Amino acid sequence: MIEAQPPATEPHVLRRPVTDAESRVASRRWWDADADEYQDEHGAFLGDVDFVWCPEGLREADARLLGDVRGLRVLELGCGAAAGARWLETQGAEVVALDLSAGMLRHAREAADRSGVRVPLVQADALALPFTAGVFDVVCTAFGAVPFVSDSAAVMREVARVLRPGGSWVFSITHPMRWVFWDEPGEEGLTARNSYFDRLPYVEQGADGVPGYVEQHRTLGDRVRELVAAGFVLRDLIEPEWPAGHEQIWGQWSPLRGRLFPGTAIFVADRGAAT
Ligand SMILES: C[S@@+](CC[C@H](N)C(=O)[O-])C[C@H]1O[C@@H](n2cnc3c(N)ncnc32)[C@H](O)[C@@H]1O
């Protein structure tokens, strides 16, 4: 889940094309450097053994988007500190947690020591999953990997490859309509500023012009087409509503904005028989 970002008028923030390689290098550096701060800020909200889908606080324990996972082989992509993977393990799944960032996986090891719940941790890129075809029943992620690769259609194909036919792929991302607004939790984040149809990545860069943080935008329709092209059947699209009494701000996610429009989209898809 992304942090609050400065308004798009600040000089180091822009929308511009980036190559696959630039995006990968930026993501790895960013998440390694940000891992401690991310866990300091959000670790308590996410818990050590819990699956939280989004800043709206929707929990897998209540939503059951993955169904009954007992005895299923599950891969969590972009797992961060892997609280979700550990929770799935306690539900009887056989889980592998994967992330690009060594910094995030260090937090996953520390949380495993604290909680005593352990899952195998793999450092790899979602674009090149180190698994043979059809080995998982479920692949899932809460805001991991998908928004941070330039070729997200290729991630969909990779996920389809490692899933068995009929297996599920469930992922949450920033709701595409949020890209119309600045990432501000307050009043400034209520005015439409950007085109929903601008697919150029959001880039933060230093004076050297090297991208330090890159996040990709796709429209809702783009996401559906990426899934369908990879052989998935979309079963549901969840837009969690901001719960009454939930006052915690997470970056640009706030009660003020959450009451007016969705902040998260969760896609629930099944791999078709023939991909
Ligand atoms: C916003 S964090 C989400 C972490 C965790 N799922 C959570 O809910 O807190 C995004 C995660 O995606 C990981 N990530 C980014 N690009 C990736 C890639 N290409 N392959 C695998 N993981 C990636 C980052 O390292 C980071 O841990």
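Author: Gladly. Start with pairing: two strands pair if DSSP finds at least two bridges between them. One more point: this is a predicted model.

Reader: What makes S6 and S10 a pair?

Author: Set the count against the cut-off. A pair needs at least two bridges. S6 and S10 have seven bridges, in the antiparallel sense. They therefore count as paired. Within this pair, Trp169 stands opposite Ala269 in S10.

Reader: Which sheet holds S6 and S10?

Author: An open sheet of seven strands, in the order S4-S3-S2-S5-S6-S10-S9. Its pairing is mixed. The twist averages 20 degrees from one strand to the next.

Reader: Why are S4 and S9 called edge strands?

Author: Count partners. Strand S4 (121–123) and S9 each have a single partner strand, so one side of each is left without a neighbour in the sheet.

Reader: What is the strand order in the sheet of three strands?

Author: The order is S1-S7-S8. This sheet is open too, and its pairing is antiparallel. Strand S1 (13–15) and strand S8 (211–215) stand at the edges, each with a single partner strand, so one side of each lacks a neighbour in the sheet. Here the twist averages 25 degrees from one strand to the next.

Reader: How do you know that S7 and S8 pair?

Author: By the bridges again. At least two are needed. Strand S7 (residues 202–205) is joined to S8 by four bridges. The pair therefore qualifies, and the two strands run antiparallel. Gln205 stands opposite Pro211 in S8. H1 packs on this sheet and touches S7 and S8. The direction of H1 makes about 100 degrees with that of S8.

Reader: What describes the packing of H1 and H4?

Author: Two packed helices are described by the angle between their axes and the distance between the axes. For helix H1 (residues 20–46) and helix H4 (residues 102–115), the angle is about 35 degrees and the axes are 6 Å apart. H1 brings Trp31, Asp32, Ala35, Asp36, Tyr38 and Gln39 to the contact. H4 brings Ala102, Gly103, Met104, Arg106 and His107. By class, the contact has five nonpolar, three polar and three charged residues.

Reader: Why is H5 called largely enclosed?

Author: A residue is buried when its relative accessible area is under 20%. Eight of the eleven residues of helix H5 (residues 152–162) are buried, so the rest of the structure largely encloses this helix. Among the buried ones are Ala154, Val155, Met156 and Glu158. The buried residues of H5 pack against several elements, including strand S2 (73–76), strand S5 (136–142) and helix H6 (220–229).

Reader: What makes one space a pocket and another a cavity?

Author: The way out. A pocket is open, while in a cavity a 1.4 Å probe fits but cannot get out. The largest pocket has a volume of about 660 Å³. Of its 43 lining residues, Gly78, Cys79, Gly80, Asp99 and Met104 are the closest to its centre. H1 gives the largest share of that lining, nine residues.

Reader: How many cavities of 30 Å³ or more are there?

Author: One. The largest cavity holds about 60 Å³ of space. Pro147, Trp179 and Arg223 are among the residues that line it. Its lining has four nonpolar, four polar and three charged residues.

How values were computed
Residues are numbered from 1 along each chain as its sequence is written. This is a predicted model: local features need pLDDT of at least 70, side-chain atom pairs count only at pLDDT 80 or more; totals for chains, interfaces and linings use all residues. Side-chain values use heavy atoms; hydrogens and water are left out. Axes are lines fitted to C-alpha atoms, for helices over the stretch in contact, and angles run from 0 to 180 degrees between N-to-C directions. Contact means heavy atoms within 4.5 Å. Ala, Val, Leu, Ile, Met, Phe, Trp, Tyr, Cys and Pro count as nonpolar, Asp, Glu, Lys and Arg as charged, and the others, Gly among them, as polar. On a 1 Å grid over the protein atoms alone, a cavity is a set of points where a 1.4 Å probe fits but cannot get out, and a pocket is an open set with protein on both sides within 12 Å along at least five of seven lines; lining residues have an atom within 4 Å of a point. Grid points are joined across faces, edges and corners, and a volume is the space filled by probe spheres set on the points. Buried means under 20% relative accessible area, exposed over 50%, partly exposed in between (1.4 Å probe, protein chains only).
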